[in-house]
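Subject: Structure handover

Hello,

Here is the structure we discussed, with my notes below it. Please read the notes with the coordinates open.

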Amino acid sequence: MAAGGKRGLVRAFGGIGVLAVGLVVLPSLIGAFHLILATQIVAFALVAVSLQLLWGRAGQLSFGQAAFFGIGAYAYGYVSSRDSAGGWLAICVAVLIPSAIALLMGYFLFFGGVRGAYFSIVTLAFVLITYQVAISWQSVTGGDSGLTGINGLILQFGAFKLDFSTGQGPYYGALIFLLLGLIIATLVRFSSFGLVLEAIREDENRAKFLGYNTSLYLTGVLTLSAALAGLAGGAYASVSLIAAPDMVGSLLSIEILTWVAIGGRNHIAGALIGTAFMRILNDQASTLLQSSWPLVVGLVFVAVVLFFPAGIIGAFTNLRRRLTTYATKREAR
């Protein structure tokens, strides 16, 4: 890794450290009601990070993140409901099943030459199929009612046990998984793997010309993205204690896309900011406006896309660049 890349990696990890400190002390600053919302935001932020990795880093727009998220939730719920608590096995299954499905999808799609809009259409069909399976496979998923009887997260480390199932535990359990996802996404960004993904995003044919097996790289990032989405689903199921069909629905997939687009799909921080912004907006609008709140949320999304096409983070980055250029020109006079 070049010196500039090492400095960028250090700065990125410094930012994660500052974020971690802020989020650790957050429960002491807010009430119980807002803690529930904060816990949901933390869990959803991880699935947004997973999409940013695939869409922002590799340029592959997927409507399938909700399916991977929901499969992770159902997997965690199914295993934990048959155990005394949701432990390592439930979390591992929540990650492995979406990863295996994504690996198969990547092999058949990317090695079959499916890219761009066609890839997006296939992932949308995948969401619709997963939704139907969630409704129809009642013995496993609970059908329309969803899967209940899910246990909270308790992780065993030999004789030592971490209980995330009560009090503020669900929040901190989801936070640990989010920070893990951020670390993984940051390492990918500054790795040679991430640089190749960016090259594929900019010009896949040129990347092929340079000798890279682009289908293999895209399959790898799809698998990793699905793993993080499944982890997010498991974290959310451990918090909500239910896995329902709307967790694998197309509506949630579109919501995840809006979070990343509004925050800025080319920035990991954009996934976090977009998720927090839209979830808080949804919560406040639904409370104040009741039936008309989806219209307001939709108008805000359209406004952000029109006036800030690079997202919130992109807008601040462009503003900082312009201010720096202006200051430099003034000094040169």
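Arg82 sits over the face of the Tyr78 ring, 3.8 Å from the ring centre. Keep in mind for this and everything below that the model is predicted.

Aromatic pairs

Searching the whole structure gives twelve aromatic pairs. One of them joins Phe69 and Tyr236, with ring centres 5.8 Å apart and an angle of 50° between the planes, and this pair is tilted. It connects distant parts of the chain, since Phe69 belongs to helix 3 and Tyr236 to helix 9 (residues 214–240), 167 residues apart. Phe69 is buried at 1% relative accessible area, and Tyr236 is buried too, at 13% relative accessibility. Another pair is Tyr107 with Phe108: the planes meet at 80° and the centres are 5.3 Å apart, so this pair counts as edge-to-face. Phe108 is exposed, its relative accessible area being 58%. There is also an aromatic cluster, made up of Phe44, Phe69, Tyr236 and Trp259.

Helix 9, which contains Tyr236, is 27 residues long and runs 38 Å from its first C-alpha to its last, close to the expected 39 Å at 1.5 Å a residue. Most of helix 9 is covered, with 21 of the 27 residues buried. Leu241 follows helix 9 and has a positive phi, near 60°.

Helix 11 (residues 268–289) has 22 residues, which should span 32 Å at 1.5 Å a residue; the end C-alpha atoms are 31 Å apart, in agreement with that. Its buried residues include Gly270, Ala271, Gly274, Thr275, Arg279 and Asp283.

Ala48 and its surroundings

Which residues does Ala48 touch, not counting those up to four places away in sequence? They are Ile256, Trp259, Val260, Ala271 and Thr275. Of these, Ala271 and Thr275 are among the buried residues of helix 11, while Trp259 is a member of the aromatic cluster. Ala48 itself is placed in helix 2 and is buried, at a relative accessible area of 0%. The C-alpha atoms of Ala48 and Gly274 are separated by 8.5 Å, although the two residues are 226 apart along the chain.

Ser62

Is Ser62 buried or exposed? Buried: the cut-off is under 20% relative accessible area, and Ser62 has a relative accessibility of 2%, so Ser62 counts as buried. Ser62 lies in the loop between helix 2 (32–57) and helix 3 (65–81). A polar atom of the Ser62 side chain is 2.9 Å from the backbone nitrogen of Gly64. With neighbours within four places in sequence set aside, Ser62 contacts Leu51, Leu54, Phe119, Thr123 and Leu257.

Thr130

Thr130 is in helix 5 (residues 116–136) and is buried, with a relative accessible area of 10%. Outside the four places on either side in sequence, Thr130 is in contact with Ala67, Ile71 and Val248.

Regards

Definitions and conventions. Residues are numbered from 1 along each chain as its sequence is written. This is a predicted model: local features need pLDDT of at least 70, side-chain atom pairs count only at pLDDT 80 or more; totals for chains, interfaces and linings use all residues. Side-chain values use heavy atoms; hydrogens and water are left out. Helices (H or I, at least four residues) and strands (E, at least two) are DSSP runs, numbered from the N terminus. Buried means under 20% relative accessible area, exposed over 50%, partly exposed in between (1.4 Å probe, protein chains only). A polar contact is a pair of N or O atoms within 3.5 Å; within protein, one must be able to donate a hydrogen and the other to accept it, and residues adjacent in sequence count only if both atoms are side-chain atoms. Contact means heavy atoms within 4.5 Å. Rings of Phe, Tyr and Trp (its six-membered ring) pair if their centres lie within 6.5 Å; planes under 30 degrees apart count as stacked, over 60 as edge-to-face and the rest as tilted. A charge sits over a ring if NZ of Lys or CZ of Arg is within 6 Å of the ring centre and within 35 degrees of the ring normal. The expected span of a helix is 1.5 Å times one less than its number of residues.
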